[in-house]
Amino acid sequence: MVQTEQLLLVPDELKAQQALDALGGYVHQAYATALAWLALAADEFLQVEVAEDFARVARGSIELVQVKRTRRPVSLRAKSVRQLIANHWSLAMANKGRLVRSVYLTTAPPAREQASPLPAGETGLEAWNRAATGKVPPPLVALLRNLNLPKDLKTWIAEATPDELQRDLLSRISWRLGAADSGELERRFDEAIIARGGQLQQLPMEARRAGTAVLFKVIKESCSAGSRVLRRADLEGIMRNANLVLVPPDLLRRLQPESPSYSPPLTDRTRDDPAGKLFFFGAADRVAFLGRKAERRKLLSWARKGSELSWTLVTGAGGMGKSRLALEVCHELANDGWHAGFLSPGSALATAERFSAFRPTRPTLIVIDYVSLAAEWAGEVIRTLIDGGVQRPFTSPIRVLLLERTGPASPWWEGFHAGQLSRLLGHASRLDGAKFLDLGGLGRDDRLTLFERIAGRHSEGDRDRILTSLDRIDPRGTPLFTSLAAEATVAGRKIWQFDRDALLNDIFLRERARWERISRDRNDLSRHELGAALATMVGGLVLTKARDHTPSPELPFHADRFNRDLADAITGRPPSDDQFAALEPDILGEWFTLRQLGKQHALDPRPDVLVEAVGSLIETFAQLRYGYAGFRARLAQDFPREAFHSGLYNAPPPGASAPVVATWMAVLANALDDLAPHAPKGWLEDLYASVVVAREGMQANKDVRVSATAFIGVYAAIKVDAGLVSRATELLDRLDWLPGAPEFIDAAHELSRAGYSVGRALVDRGETYRAFSLLERMRTQAEDFRRTPDADWRQMLRYAASLGLAMWQRFREDRDKANREAIERILWTPAYEDREDLATVAAEVLAHSAVDEDIVDLDDALAELQRRSRERRDLPVLAKITADALLYAARDETDDEVGVDRAYRLSSWVKPRMAIELMKETVEEAIHEGLLDGTGSVGPEVLHRLEAIWHGSRKAVIDAGRNPDRDTYVRGKRDAFVRALNEAGDKDWTKEFWARHQSPPN
């Protein structure tokens, strides 16, 4: 008979003393340290448990890393954040001959600081990260100067200029928020140790055995009294010694040889002879790759870890260097034996079906640029690879890197996931915490280095002039414009006389002079310039399609008129018999096309020929329709004033098909915010009328209905911003709000966003009834989408809750009891049995508005949350949201007395609710922050504050010449401190307080 184990029964009062949270933190730190050890370069070593959790040390640099495992949001005022800043400063002062950097690596999201001077919705840590490479905003400087930091550092911050702050502090500390949790770190460690084991000819089972030894070494070294140094050579020795008996892996590999039946046609997009060519500059290997070290490291680390299929997305504005970054990653991986390059959707060899036969025998990186032009195809390729991996696991890693300007909030995302979002996200890697990687502008130092790499070194005086010119030409700091300005300098131009348009015109004139030498005559050049513009507008053209559908003699596509050498010279592409490529990078192609759309004289037929040709192509070819939509969306972002006057956003001609009309409306919905400031009076109304007419004529078409609704939602929000609330309300009243189906999700989001803007304006105008009606429509729509798979209905419900709370706050201020009670019934009354309802989202929004954004009075919000939580005992999550708000309020409070009061308020709220399962995370975080102990009583941080209050009041009385032992206030603060110590009991962390006073203070 098998004996079953009788586990020890632990009473609930003893469970609170378990150190699970602390142990989990140590495990998390051990995995993070081990991963850093595995990633060491040959000339680096790791030193653990120094000023922070570990430091990566090289000959001329030091990188401090603090690892924090917590789910609670963290702000710039958090104790651990301030401690890292202080430690960094101290170490930098002690190592002035070396470059010192620090990294705060935490699973927590950012929290907004209370009473922050930053714009609404922006957190101090996010502002810091942006200012590290961009402009330092004055509100961030003000926030830094008010931080509780060591005196010498605080004095330096008060006296430093913004440039000095950026150079010596902001750019030296990186806040990596929303980092991987312990489970993800364990998975990454497993992948990394297997990959390293493969380099040492170890099988996965042997590498995992070695991984246990590596982790043990990390923990042992962290507790050591010695130097606590981990070296790369030591790592390999530990891994080799962990396996005494090695089975030759080649023996097993020979048993299952594989030969691929399909290999995707990947290219590296490098020009054979890039010298002298300015177009396609972003992908040409023309100058040394500079900057983007962190992004490049993230992409390489993602590519090299693990053997399963994985995809990711890199976003960034035009000219930020997405293509060039991907090219560099391709080159480095290719040097390691990878099959890496760019995949074009136009190739007959790259259909999604072909990937079902793809069985790689070496690691593969597939880069898909301009993914919005072929979003459905890209999604289908990834899903086909997922299916192939399920049927028969891949033996070599496959990585798919998507490049696009915008991310999941953009229209292309819906076509990409095609209703299978969960399936795709299961294989996605977010390389920037919880987000996909987004490229921002280069810092001033990197811009100057890039400029001088092309144009040569300059004097200090010239450097200031160059940076001023670069800021004027391109305030965003894109690598593209820095490179183009350097090219112009090499050509003898004085860039301090240029703005952006002048620089682009100069490039065009210089390129045109080169083309003229290749063209047969002026007409030949004119035709091919028009052909290049058409190809750019649709994302590239197959010549046979162009010949059959664009017969105009003004275009070059007929065989008798086509000059292959000239076409290749204009596009910078290698010779091809069937392709007329788009001009790249985007911004140069857009500027070139705008020039072709401008009439050179009153009778110039060329612009009309171009518009007519693109209309013919998009009616026939869906792929070109998507390309044209993407071109117009980018054009409105990069050149909104010129785009408006181009005529490309006018309504399609009568007789246009429903897909063309729907695409036009969708383009308008995305471009309207960019175009509207440049539109003359009446243009928006005329556009709206055109959309309504088209919608009514094609009401049965789903795509037209969705696109028209999205456009009207954006249009209504613009009317609110212009103060035309009645008109915006009228627009929304005329709409049929959408049913909860996946195809309507994007339009429903736009409606909810517009509804919130209009509703707020109605409340301000006192139109209460209409605001209530609009709120009910928003809530109903969100609930409809709740039942739709993969639909982000919570964001719609958040808009409704935000509007409801704005109404509640206004009614409270106006002492309007009837309406206040009415809105409270909507927000807090149960609406769906056994289901999370509006109350949960309303509580989240209220807590965020009070704690993070300082929109609602904090004490009023806390009182309301506590009241509603007591009423809605059927929703335990409300108790947790309330506890979280109390926790953040106590943690971030800078006034010790107020902070102590809030900590006691937190304790009194949490203590009777310790049994609620959802409360566990909050309690663990409060213990971690020192606000509570394991029983729910106040913790060591509160005692520190009480002690400081007592000593501060005592000193003030002594300074005033009075006896502190006779002062009632001082005695009261002492008694409060003693009371808290006695309540805490004889715990390990209380002993330091008793030791400091040797006995309970009298």
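**Close-up 1. Thr155 in the predicted model, a partly exposed residue of helix α6.** Thr155 has its place in helix α6, which covers residues 151–159, and a polar atom of the Thr155 side chain lies 2.9 Å from the backbone oxygen of Lys151. Arg145 is 10 residues away from Thr155 in sequence, and the C-alpha atoms of these two residues are 8.6 Å apart in space.

**Close-up 2. The open sheet of 6 strands.** The strands follow the order β5-β4-β3-β2-β1-β6, and their pairing is mixed. At the edges stand β5 (173–176) and β6 (229–231), each of which has a single partner strand, so that one side of each is left without a neighbour in the sheet. From one strand to the next, the twist averages 20 degrees. Strands of a sheet pair through backbone hydrogen bonds, in either a parallel or an antiparallel arrangement. Strand β4 (residues 99–106) pairs with β5 in the parallel sense over 4 bridges, and Val103 stands opposite Ser174 of β5.

**Close-up 3. The largest nonpolar core and the surroundings of Leu541.** This core holds 180 residues, of which Leu541, Tyr649 and Phe711 touch the most other members. Helix α28 (residues 658–675) gives the most to this core, contributing 12 residues. When residues up to four places away in sequence are not counted, Leu541 touches Leu534, Ala535, Ala546, Phe557, Asp578, Gln579, Phe580, Leu617 and Leu624. In soluble globular proteins, nonpolar side chains tend to be buried together.

**Close-up 4. Helix α30, residues 702–721, and the glycine that follows.** Helix α30 is mostly covered, with 16 of its 20 residues buried. At 1.5 Å a residue, the 20 residues of α30 should span 28 Å, and the distance of 29 Å between its end C-alpha atoms agrees with that expectation. After α30 comes Gly723, whose phi is positive, near 85 degrees.

Note on methods:
Residues numbered from 1 in each chain as written. Predicted model: local features only at pLDDT ≥ 70, side-chain atom pairs only at ≥ 80, totals over all residues. Heavy atoms only, no water. Core = buried A, V, L, I, M, F, W, Y, C linked by side-chain atoms within 4.5 Å. Buried < 20%, exposed > 50% of the residue type's maximum accessible area, 1.4 Å probe, protein only. Helix = DSSP H or I, 4+ residues; strand = E, 2+ residues; numbered from the N terminus. Contact = heavy atoms within 4.5 Å. Expected span 1.5 Å × (residues − 1). Pairing = 2+ DSSP bridges. Axes fitted to C-alpha atoms, helices over the stretch in contact; angles between N-to-C directions. Polar contact = N/O pair within 3.5 Å; in protein donor to acceptor, adjacent residues only side chain to side chain.
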